[in-house]
Amino acid sequence: MKKIPIIFDCDPGHDDAIALVMALAREDWDIKAITTVGGNNTIKNVTENALRILEVTGRTDIPVASGMEGPFLKELVQTGKFHGKSGMDGHHLPDPVTKAASDDAVGLMAKILEESDEPVTLIITGVFTNVAVLLLAYPHLKSKISKISIMGGSYYRGNWSPIAEFNVWADPEAADVVMRAGIPFDMYGLDVTHQAYLKREEYAELRTYNNPVADFIADLFDFFSKSCIEDRGHPGCLVHDACAVAGLIDPSLFRYIDTHVQMDMDGDITRGGCVVELRPKGWPRDDEVNSKVAVWVDRIGFMKLLLDSCAYFGKKEV
Ligand code: BDR
Ligand code: CA
């Protein structure tokens, strides 16, 4: 079977972990590397979290490389209580025994792209720093990237400021580099990820699968639900990052608009916000379109895909 080559750049993170499990359940994907970036938590913690995820899924054959510790210009601001002290609190997995293959995520991405016979798909579910450095340092490799599927941004509201979503807000200059690179990107911003939630009674099904991956994901849902449902009043637990994977697996689950997206880096109160062209026909011009922006998700279809991905790792009656 011809497999789709993928590089997955992330900062796990509860929803990064769920997104990774969905990706790891794809037999038609060839995940060439998981690269980590300082974002939700320190580079050390998010890298250990990535290693834990590969250990519980039995996929330690995939190399993990840690990357940039923090953004281009400012200090890293972590997400604190939302993902807990470790960046992925709430699970019962032991410390990882495997180690990262390298601390040069950008170098590993470049090597994979150089050596690949066909263009590679990039997934970004963390802060954009690693990918921005890659594009600046190795501009000739842009043609080796078929597209980038990103969780980040929004056009209606923010979560880290009234207007800005965390992944782009944390390093807006890096997000700007990625958005201007001339590589098509699919954007799963808060407008759609706030529709991608599972209610407590829905993700409870994971406990019936009796496999360690599903139990791990259920633990993550239990922890992350607290901030989503109790603190922020969402109807369920949001799974932002999983959208960037679900859309690659089955784009028919989403509705998109082809449009132009850019970052605001200068505004006193709008820095880190995303400006998405929503004016009707005629805007933007064809040559300005740089993104497919997801605007709607079939929530039930998304949930089924997520649950099926966890069931892939085993489902047994006890
Ligand atoms: C994004 O921020 C992080 O906290 C999540 O993992 C997700 O990637 C949502 O704004
Ligand atoms: Ca993330």
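The shell around ligand 1 consists of two nonpolar, seven polar and four charged residues (Ala, Val, Leu, Ile, Met, Phe, Trp, Tyr, Cys and Pro count as nonpolar, Asp, Glu, Lys and Arg as charged, and the others, Gly among them, as polar). The model is predicted, so local features need pLDDT of at least 70 and side-chain atom pairs pLDDT 80 or more, while totals for chains, interfaces and linings use all residues. Residues are numbered from 1 along each chain as its sequence is written, chains are lettered from A and ligands numbered from 1 in the order in which they are written, and side-chain values use heavy atoms, without hydrogens and water.

**Exercise 1.** Describe the surroundings of ligand 1.

Step 1. Ligand 1 is surrounded by 13 residues (a residue is near if one of its heavy atoms lies within 4 Å). The closest are Asp-15, Asn-40, Asn-159, Glu-165 and Asp-241.

Step 2. Look for N or O atoms within 3.5 Å, the limit for a polar contact. An oxygen atom of ligand 1 lies 2.6 Å from a side-chain N or O atom of Asn-40. For Asn-159 the corresponding distance is 2.9 Å, and for Asn-167 it is 2.9 Å.

Step 3. On its own, ligand 1 has 280 Å² of accessible area, of which the protein covers 96% (Shrake-Rupley method, 1.4 Å probe).

Step 4. Two or more residues of the shell come from each of α1 (14-24), α5 (166-169) and α10 (240-249) (helices are DSSP runs of H or I, at least four residues, numbered from the N terminus).

**Exercise 2.** How many residues of α10 are buried?

Step 1. Apply the cut-offs: buried means under 20% relative accessible area, exposed over 50%, and partly exposed in between, with a 1.4 Å probe and protein chains only.

Step 2. Ten of the ten residues of α10 are buried, so this helix is largely enclosed by the rest of the structure. Among them are His-240, Asp-241, Cys-243 and Ile-249.

**Exercise 3.** Is Glu-202 buried or exposed, and which backbone nitrogen does its side chain reach?

Step 1. Glu-202 lies in helix α8 (residues 200-203). Its relative accessibility is 15%, so Glu-202 counts as buried.

Step 2. The Glu-202 side chain reaches the backbone nitrogen of Lys-199 at 2.8 Å. A polar contact of 2.9 Å also links the side chains of Glu-202 and Arg-299.

**Exercise 4.** Where is Lys-2 placed?

Step 1. Lys-2 belongs to the segment before β1 (4-10) (strands are DSSP runs of E, at least two residues).

Step 2. With a relative accessible area of 65%, Lys-2 is exposed.

Step 3. From C-alpha to C-alpha, Lys-2 and His-83 are 36 Å apart in space, and they are 81 residues apart in sequence.

Note on methods. Polar contact = N/O pair within 3.5 Å; in protein donor to acceptor, adjacent residues only side chain to side chain.
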